[in-house]
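Trainee: I have a model open and would like to learn how to read it. Can we go through it feature by feature?

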Amino acid sequence: MNSIALFAYCGAAMVGLGLFGLITKPQVLRKILAFNVLGTGVFLLFGVIARRGAAAGLPSDPVPQALVITGIVVAFSATTMAVVLLLRLYAETGEATLDSDDPPNAGTDGGR
Amino acid sequence: MTLALNIFTIVAVSAGSFFFMAGTIGLLRFPDTMTRLHALTKVDNLGLGLIVFGLLPQAEGLLAVLKLLCVWIFVQLSGAIVSQLVAQLARGDGQQR
Amino acid sequence: MTPPFILEIAFVILILAIAVGTLVARTAFTAVLLFMIYGLLIAIAWVRLSAVDVALTEAAIGGGLTGMLLLGAVARLRESEGSGEEPGLPTLLAAGTFCVLVSAALGTLVLSRPEVAPSLAPMVMDNLAQSALGNPVAAVLFVFRAFDTLLEKVVLLLALIGVWSLAPDRAWGGVPGLRLYAEPSSILVFLAQLLPPIGIMIGIYMFWTGASYPGGAFQGGTVLAAMWLLVMIARLQPVPAISLRRIRLLLVVGPVIFVAIGLLGFVVADAFLAYPANYAKPLIITAEATLTLSIGVTLGLLVAGPPDRMLQP
């Protein structure tokens, strides 16, 4: 096993850990954290693919690197939207989890 | 000459890592916020300084040396300010965390 | 089993331990702290994979900005700690088995590919001279796949519009509810007066040097956003209302100039976002400069969040 394979197993393990956290944690904030761990694991797998594509004098294939940079920025946008949705849910209903069966209290906002 | 520089790098970086380990043990073992802050700031700044000092012979050119020193200065600045803020908060609440 | 490899094994074990800690931490605050550490360790992992541009982006956005966003959320959600029913043992076992299967499948798939992995690096290097840039990743981002970068910037703007649309009616178009420091603190003010000039210089340097060395518009823009957020949190500058024209102008100047340069490509070159041969470098630098500014403002406003009060007249 060389260093590239080591990071591939690390990335795969992170995907598994993130997926486990996403499925089993009831609080939404912990789900968002687990989702970010999952995303970072996927990006690390991309990095392993880039590293394996080292050719033409470059230590790492630049096209997957550009994809990962784009992916990190888009993942941050998604996390921001998720956090703002969570805070709005908490402000409206006082619940920060998704497993309530009762309908949420009527919004005190008077608006949409 | 390069051998002497490499030995210097290894010794300085190892000493820096030892100080980092001491600071981490202090963080884990000290009883309250103030003592932990003391351990972290004193020991980690010295540890980082030794590591940067040890890496200076390996840097290529004056610009890389200046960048390494800037890294050390910025970490010290932000570390000092953040520990002051944490200490203010800890003393204000009286909470032990 | 050379010593560097043993250190890498220890490093990977550390990363996985911190990831597990993030998931099983008892309080949300501890979990977010561990997540920030995890982000910085992943940045080191990226350097080990010889992807320095990605390491810069991960350290700035993944470790820094995401951590700051989540810390703000933890502060607001403090009363709801520990609520929610933990799943029972059968669910945990089923989820655990499923995740182990997914991990094993991914690990074998990524490594079982052909011995000489297919790579686009030769194609990039062949055309690098035409792109007038020295950094292959920057060339891919701004020349070969410039359309993707434009769409990425548009995604940032769409996320910002989404965040703004979650404001309550009474605060529509008002001032974002960024959590400022509780009272003016002389120490924080000292940092907020000392660091931003240096930080702005570093941000501009990171964007400028991204043409030939690792760096780029996104990394530099993130440093600019961090400096702006520091100044706002230390109460040195008021948080601007989102309906201000200059804020909206700064947000769109980057994508608009990028699109304009792209449409210019129709006129002087062959296609959308094709650069004319002699003017490639100035056009790319112009597009990147305005994009850095817009990214800084967008990321800062994304972290600041939706408006929650109107500006007092």
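Mentor: In H3(A), A:Gln65, A:Val68, A:Ile69, A:Ile72, A:Val73, A:Phe76, A:Thr79, A:Thr80, A:Val83, A:Leu86 and A:Leu87 meet C:Asp53, C:Val54, C:Thr57, C:Glu58, C:Ile61, C:Gly62, C:Leu65, C:Thr66, C:Leu69, C:Leu70, C:Ala73 and C:Arg76 of H3(C). This is a predicted model, where local features need pLDDT of at least 70, side-chain atom pairs count only at pLDDT 80 or more, and totals for chains, interfaces and linings use all residues. Residues are numbered from 1 along each chain as its sequence is written, while chains are lettered from A and ligands numbered from 1 in the order in which they are written.

Trainee: What do "contact" and "helix" mean here?

Mentor: Two residues are in contact if their C-beta atoms, placed from the backbone, lie within 7 Å. Helices (H or I, at least four residues) and strands (E, at least two) are DSSP runs, numbered from the N terminus.

Trainee: At what angle do the axes of H3(A) and H3(C) cross?

Mentor: Axes are lines fitted to C-alpha atoms, for helices over the stretch in contact, and angles run from 0 to 180 degrees between N-to-C directions. Angles under 35 degrees count as roughly parallel, over 145 as roughly antiparallel, 65 to 115 as roughly perpendicular and the rest as oblique. Here the two axes cross at roughly 5 degrees and come within 10 Å, so H3(A) and H3(C) are roughly parallel.

Trainee: Which classes of residue make up the contact of H3(A) with H3(C)?

Mentor: Ala, Val, Leu, Ile, Met, Phe, Trp, Tyr, Cys and Pro count as nonpolar, Asp, Glu, Lys and Arg as charged, and the others, Gly among them, as polar. In this contact, 14 residues are nonpolar, 6 polar and 3 charged.

Trainee: And how do H2(A) and H3(A) run, parallel or antiparallel?

Mentor: Their axes come within 10 Å and cross at roughly 175 degrees, which makes H2(A) roughly antiparallel to H3(A). The contact of H2(A) with H3(A) has 15 nonpolar and 6 polar residues, with no charged ones.

Trainee: Is H2(A) mostly covered or uncovered?

Mentor: A residue is buried if 20 or more other C-beta atoms lie within 10 Å of its own, exposed if 12 or fewer, and partly exposed in between. H2(A) is mostly covered, with 23 of its 25 residues buried.

Trainee: Now the whole chains. Which pair has the most contacts?

Mentor: Among the 2 pairs of chains that touch, chains A and C have the most. On chain C, 79 residues are in contact with 71 residues of chain A. H3(C) gives the most to that side of chain C, with 13 residues. The residues on that side are 54 nonpolar, 15 polar and 10 charged. Chains A and B, by contrast, share no contact, and their closest C-alpha atoms lie 20 Å apart.

Trainee: What are the domains of chain C?

Mentor: Domain bounds come from an automatic or database domain assignment. For chain C it gives domain 1 (1–76) and domain 2 (134–313). Their centres, taken over C-alpha atoms, are 24 Å apart, and each domain puts 12 residues into the contact.

Trainee: Last one: why is B:Leu37 called buried?

Mentor: Because 20 other C-beta atoms lie within 10 Å. B:Leu37 is in helix H2 (residues 33–55) of chain B. Not counting residues up to four places away in sequence, B:Leu37 touches B:Ser83, B:Val86 and B:Ala87.
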